[in-house]
Amino acid sequence: MLFSEAGQKIFELDRVGAFIWCKLAQGASLEEICQGLGALGIDEQTARQFTRQAVNVWIDRALLEVDWRMPTDCAFSAILGRHRIGVRAANRDLLNRLLPLFCVPDQSAGCDVDVAIEAMMLDGHVFFRGEDARISRCEVEALAPTIKAYITERLIRNSRWVFSLHAASLVKDGMGLLLCGQPGAGKSTLTLQLVDAGLRYAGDDVALVGADGTICGLPFALTLKQGSWGFLSRLDRHDATHCRSDGVLVRYVPIPAAQNQCFSASWVIFLNRVASGPAELTAIDQLDSMKRLIEDAFAADGRLSQAGFFALKRIVAGARSLQLTYCEAVEARRLIMDLCNGKT
């Protein structure tokens, strides 16, 4: 019988569970436990499965404590959307998995962080936790996307922002450009094209909005799906392959000198990717633009507040709203650059 003081519950163990628990209490490694189960007539694969399941359940229920002591040389911090992110890992391999996620390193050593992440390996799985001490786990290949999702959720729920937009963001001479579109609309690929054309990168997925209508992108490294990996050679950057929770393979491309300050939107472009045809920019009235932005918006409590409404109104009133219908990213890039340069 086990007692969880944190959960105020009692758990009964079967013989295999009791064997694993007692061996852990005696200081045995997971490998030694699997060998001990083998001596009891349990085949190796089943022994590993039993052990892993038991350990995972006990950690989830706060029955086991994880040793989070980390080496001092496996840590770094980065700036992301005016927030300081601190990352510590149990070994260099895990740290190298996370480094490519960030574009802007933090030069202010010793300062407090807004979001802290720790990651370690246990029996082939990665365990990680934030400052809330809640422990999660994932496969090694999924570590970077999982950490990105965790940090993004923490930041968009921060009270500093009235809502967030599912949009890529770039800056041209201090003027902001938002690229809005559903997954598959080509935001990241087009963003890479525009960075290559001279625009400053501010984020390819989420933009945070303040009460005054100013926008702050989240400049994680630009995320490219497999169909866009051919563009990587243009920037001469090649990263490891990562696997998102939906099974999609991605690579991260850190963009040097990413924008990390708030800006005002001068252009809001809604992407409409089609199978064929020429690229075309079409003006959208302010009411239609507000409706579309609300569809792409997220607020921490699921509701658009009055402050959020006025922030949205300021964005639309101060920007040109257009729909970009396109097939080829190169042609779309030309139209957008003409727009930003005052030729459209």
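**View A. Who lysine 187 touches.** Skipping its neighbours within four places in sequence, lysine 187 is in contact (heavy atoms within 4.5 Å) with His166, Ala167, Ala168, Leu179, Cys180, Gly181, Gln182, Asp204 and Leu271. This is a predicted model, where local features need pLDDT of at least 70, side-chain atom pairs count only at pLDDT 80 or more, and totals for chains, interfaces and linings use all residues. Residues are numbered from 1 along each chain as its sequence is written, and side-chain values use heavy atoms, leaving out hydrogens and water.

**View B. A buried lysine with no salt bridge.** Lysine 187 sits in helix 6 (residues 187-196); helices here are DSSP runs of H or I, at least four residues, and strands are E runs of at least two, numbered from the N terminus. Lysine 187 is buried, meaning under 20% relative accessible area with a 1.4 Å probe, protein chains only.

View C. Five strands line up in the order 3-4-5-6-7, with mixed pairing; two strands pair if DSSP finds at least two bridges between them. Strand 3 (75-80) and strand 7 (135-138) are at the edges with a single partner strand each, so one side of each lacks a neighbour in the sheet.

**View D. Strands 5 and 6.** Strand 5 (residues 115-122) and strand 6 (residues 125-129) pair antiparallel over 5 bridges. Methionine 121 has valine 126 in strand 6 as its bridge partner.

Note on methods. Buried < 20%, exposed > 50% of the residue type's maximum accessible area, 1.4 Å probe, protein only. Lys, Arg positive; Asp, Glu negative; His and termini not counted. Salt bridge = Lys/Arg side-chain N within 4 Å of Asp/Glu carboxyl O.
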